Amino acid sequence: MNLTPDQTPLKICMVASEVVPLAKTGGLADVVGALAVEFAKLGHDVCAMLPAYRQIDELGYRMTDGVVLSVPGAHGSIDTRVQEVFAPPLHVQGPGRLRVFVVRHDPYFSRSGLYQEAGRDYPDNLDRFVYFCRTVMEMLIHLGEHEGWQADVLHVHDWQAALCAVYLRTLYQGRPSLSRTRSVLTIHNLGYQGLFPSAQFSSTGLPLHLFTPAALEFYGHVNMLKGGLVFADLLTTVSPTYSQEIQSPEYGCGLEGVITERKRVLSGIVNGIDTENWNPATDQYLVASYDASDLAGKARCKKALQRELGLRPLKWPLLGVIARLTSQKGIDLVIDVLPELMELDVQVVILGTGEPHYEQQVGELAQRYPGKIAVRNVFDEGLAHRIEAGADMFIMPSRYEPCGLSQLYSLRYGTVPIVRKTGGLADTVVAYTPKTFKECRATGFSFTDSSSASLLTCLLLALSVYRKKADWQRLVRTGMAQDLSWSRSAATYLQLFRDVIDRKSERQG
Ligand code: ADP
């Protein structure tokens, strides 16, 4: 959706603790980086802000000297440098513009991790991200006063940036540079809320009357995400189904009441994927390329994958799993069904790191079934691509899944996803039924109950369809034909932005 002649470009400021390729621990970074680029390509004037972590300095991208702002901190004002960084993947050749700024305060951000070290969260995480959010607000005022650049939309992501939405309507209310700014909070995973002891509330600089259950208090703790949920003008999350689920106690992580109260301003928008990096026709990690019109390369990828993993070179269906080995991902369900699955002519590959007991259990299964199960407990981007290409099916039995990327890669690579019907998995995989298949809509298989019995039943159905070669090919091709690009998601975000700009802010009265 390019700008029409009567549409003015929007000024959008995106705030997040991670943006690819500068800093990444998860899907958040991919989403923010890709969306920022997409908005700019569509003609909008975008800036993105994140902390200047040590790992960003180590990447060696060129940076400006930047500006020095006086930022109110927990223990007095701090002179803070905000620098523009030039990272080529975030470059935009188009009508719009994208600038990326990093907030430098080395005592807070020049550390080996983003949020934690040796598995332990940094004890001053509240101070670090309060300070980050305040710097963003000061920078917006600076851009307004010195460049006449006034953000239409302040798009903040997850708990680390949520406080910006609170500041906009409290400490910074009435500032001329921010008078037309509307805030949008995107929830990528409600499981991470930024919870801190009540004693740290004063560090936020917010008046004490906001430490109540109607604002930032959550059972005696400070809850940063909750602040954003209460104060943002618009809320989004990363799939329509997840936006419904988080209004229920089962998925709401204790915030279902607040979210339900604001459901009028809540939308779900499915993420896109990086269709250049994840493209079986050009993927540099693969021994052979392929597309929907010629799948011969996929068969070669499968053989190469079997060789690489020490699996026997059989024509059996090969099932892949790539995931953080956590209970969120339902990895225990996979572990439960594997012994029964091994009675059949199938092979399985599991790539993932995570909770040590799961790593140990999958390792033991690989030893028990050599040549049939392969396990790699490493983070290996190349192998992830080769599994997406070489496997026939991809198993994703998540307990909850805000959006999920892996099943989208699977669709693109002609690897039929087998998913639990939740969150983004429910929205992106059309489950095989006689009807959906006949209508050429089916792209995978899904089950509802979070149980190994349901997963096994679903797998057996998938295996029975796999044996009918023409039917299987139709599933593969329907999946590969899906539009998974960012352009659709970006257009939906932009429409919501325009709606919220047109609407008088609820919080301004
Ligand atoms: P989440 O962000 O909850 O972990 P997603 O499915 O949204 O789940 O994204 C996971 C991403 O991380 C995918 O791109 C997947 O390929 C990748 N990934 C997960 N584990 C590994 C691993 N061990 N090696 C390589 N890539 C991995």
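My entries follow, starting with the ground rules.

**Ground rules.** I am working from a predicted model, where local features need pLDDT of at least 70 and side-chain atom pairs count only at pLDDT 80 or more, while totals for chains, interfaces and linings use all residues. Residues are numbered from 1 along each chain as its sequence is written, and side-chain values use heavy atoms, with hydrogens and water left out.

**Ligand site.** I looked up who sits around the ligand: there are 17 residues, and Arg324, Lys329, Val378, Asp380 and Leu405 come nearest. A residue counts as near if one of its heavy atoms lies within 4 Å of the molecule or strand in question. I sorted that shell into 9 nonpolar, 4 polar and 4 charged residues. For this sorting, Ala, Val, Leu, Ile, Met, Phe, Trp, Tyr, Cys and Pro are nonpolar, Asp, Glu, Lys and Arg are charged, and the others, Gly among them, are polar.

Next I checked polar contacts, meaning pairs of N or O atoms within 3.5 Å. The side chain of Lys329 puts an N or O atom 2.8 Å from a ligand oxygen. From the backbone, Leu405 has an N or O atom 3.1 Å from a ligand oxygen, and a polar backbone atom of Ser406 is 3.3 Å from one. On its own the ligand exposes 570 Å², and the protein buries 86% of that (Shrake-Rupley areas, 1.4 Å probe). Helices H12 (381–390) and H13 (406–412) are the elements that give two or more residues to the shell. Helices here are DSSP runs of H or I with at least four residues, strands are E runs of at least two, and numbering goes from the N terminus.

**Helix pair.** How do H16 (452–466) and H17 (469–480) cross? Their axes, lines fitted to C-alpha atoms over the stretch in contact, come within 7 Å and cross at roughly 115°. The pair is therefore roughly perpendicular, a label for angles of 65 to 115 degrees on a scale from 0 to 180 between N-to-C directions. Ala462, Val465 and Tyr466 of H16 touch Lys469, Asp471, Trp472 and Leu475 of H17, with contact meaning heavy atoms within 4.5 Å. I get 5 nonpolar, no polar and 2 charged residues there.

The Val20 to Pro21 peptide bond is cis, with omega near 5°. Pro21 belongs to the loop between strand E1 (11–15) and helix H1 (27–41). Asp158 has a positive phi of about 60° although it is not a glycine, and I found Asp158 in helix H5 (158–168).

Terms used:
Parallel < 35°, antiparallel > 145°, perpendicular 65-115°, else oblique. Polar contact = N/O pair within 3.5 Å; in protein donor to acceptor, adjacent residues only side chain to side chain.
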